[in-house]
Amino acid sequence: MHILTCENLTKTYLSGETAFHAVDHVNLAIQQGSFTAITGPSGSGKSTLLHMMGGLETPSEGKIIYQDMDLGKLNDNQLSVLRRRRFGFVFQHYNLVGELTGLENILLPVMLDSRKPDDEHISRLIEVLGIGNRVHHLPSALSGGQQQRVSIARALSNKPTVLFADEPTGNLDGQAGREVLGLLQALRRELNITLVLVTHDLAIAEQAERVIRLEDGRVAADSAMEGGIV
Ligand SMILES: Nc1ncnc2c1ncn2[C@@H]1O[C@H](COP(=O)(O)OP(=O)(O)OP(=O)(O)O)[C@@H](O)[C@H]1O
Ligand SMILES: [Mg+2]
């Protein structure tokens, strides 16, 4: 079953008089529960594609269907409820709220939804991510790698159906990166999370069931289209 489908998905920016497609008529269907890696050179449109798939940026053209919902037909409120309850985001630049401690950042998606946090789940995330002694600090007192781990815990605190992760291990060393990926894989299986992960790291992309390569906003290669798994 496809959980997410992009049809002719396009993001156009104007640079002076000329239109430029950061994402250029992309068609993709993502299987529920799968692990897809998106790779490609800097500027190829990976983050823009991920943000549109997760309903954070509005497409210039085309649409995104989540289950049987067309995201373009939802109003702002419906879209934010969907994002809070069903999606998790790990941003390339973390996007932690500077005035809140690590723990408050982690709990934010659940709090915004007026729900009670699953304490056991949250404690486990904090423990596995190894940030137990840092979560009461503000992000400014955390290293890049620690902020990245806090942002991963935040993305998973609501047990999302889809986790969109933009270079989630970009600021971790090899060993820590593998550990975090191991955690994402374990949670994916346990909670049946669909993982869409942007990475430059081929060792990480290799672990995905499907690898999509973007170039100039277009799908240049897709292992699912080659009938095999990369
Ligand atoms: N708000 C914006 N206005 C104009 N151009 C933009 C905007 N956001 C992104 N772009 C351009 O769109 C293209 C794709 O950007 P995007 O951030 O999606 O690339 P990326 O593949 O994630 O790159 P990186 O690997 O460096 O993170 C780039 O050329 C970028 O400069
Ligand atoms: Mg990017």
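Are helix 3 and helix 5 roughly parallel or roughly antiparallel to each other? In this predicted model, helix 3 (residues 102-112) and helix 5 (residues 144-156) pack at an angle of about 25 degrees. Angles under 35 degrees count as roughly parallel, and helix 3 and helix 5 are therefore roughly parallel to each other.

- Two packed helices are described by the angle between their axes and the distance between the axes.
- The axes of helix 3 and helix 5 are 7 Å apart.
- Helix 3 makes a right-handed crossing as it passes helix 5.
- On the helix 3 side, the residues that meet helix 5 are Gly102, Asn105, Ile106, Leu108 and Pro109, and on the helix 5 side they find Val150, Ala153 and Arg154.
- Sorted by class, this contact has five nonpolar, two polar and one charged residues.

- Six strands make up an open sheet with mixed pairing, in the order 6-7-8-3-9-10.
- Strand 6 (87-90) and strand 10 (218-222) stand at the edges with a single partner strand each, so one side of each is left without a neighbour in the sheet.
- On average, and ignoring direction, neighbouring strands of this sheet are turned by 20 degrees against each other.
- Four bridges pair strand 9 (residues 210-215) with strand 10 in the antiparallel sense, and Ile212 stands opposite Asp222 in strand 10.

**Helices lying across strands**
- Helix 1 lies across strand 3 (35-39), strand 7 (162-166), strand 8 (194-198) and strand 9, and runs at about 155 degrees to strand 8.
- Helix 5 lies across strand 6 and strand 7, running at about 175 degrees to strand 6.

- Four strands form an open sheet in the order 2-1-4-5, with antiparallel pairing.
- Its edges are strand 2 (18-31) and strand 5 (69-70), each with a single partner strand, so one side of each is left without a neighbour in the sheet.
- Strand 1 (residues 2-15) and strand 4 (residues 61-66) run antiparallel and are joined by five bridges, with Leu4 opposite Tyr66 in strand 4.

**Around ligand 1**
- The residues surrounding ligand 1 are Tyr13, Ala22, Gly40, Ser42, Gly43, Ser44, Gly45, Lys46, Ser47, Thr48 and Gln92.
- Helix 1 (residues 46-53) gives the largest share of this shell, three residues.
- The shell has two nonpolar, eight polar and one charged residues by class.

How values were computed
Residues are numbered from 1 along each chain as its sequence is written. Chains are lettered from A and ligands numbered from 1 in the order in which they are written. This is a predicted model: local features need pLDDT of at least 70, side-chain atom pairs count only at pLDDT 80 or more; totals for chains, interfaces and linings use all residues. A residue is near a molecule or strand if its C-beta atom, placed from the backbone, lies within 6 Å of it. Helices (H or I, at least four residues) and strands (E, at least two) are DSSP runs, numbered from the N terminus. Ala, Val, Leu, Ile, Met, Phe, Trp, Tyr, Cys and Pro count as nonpolar, Asp, Glu, Lys and Arg as charged, and the others, Gly among them, as polar. Axes are lines fitted to C-alpha atoms, for helices over the stretch in contact, and angles run from 0 to 180 degrees between N-to-C directions. Angles under 35 degrees count as roughly parallel, over 145 as roughly antiparallel, 65 to 115 as roughly perpendicular and the rest as oblique. A crossing is left-handed if the near helix is turned anticlockwise from the far one by less than a right angle, and right-handed if clockwise. Two residues are in contact if their C-beta atoms, placed from the backbone, lie within 7 Å. Two strands pair if DSSP finds at least two bridges between them.
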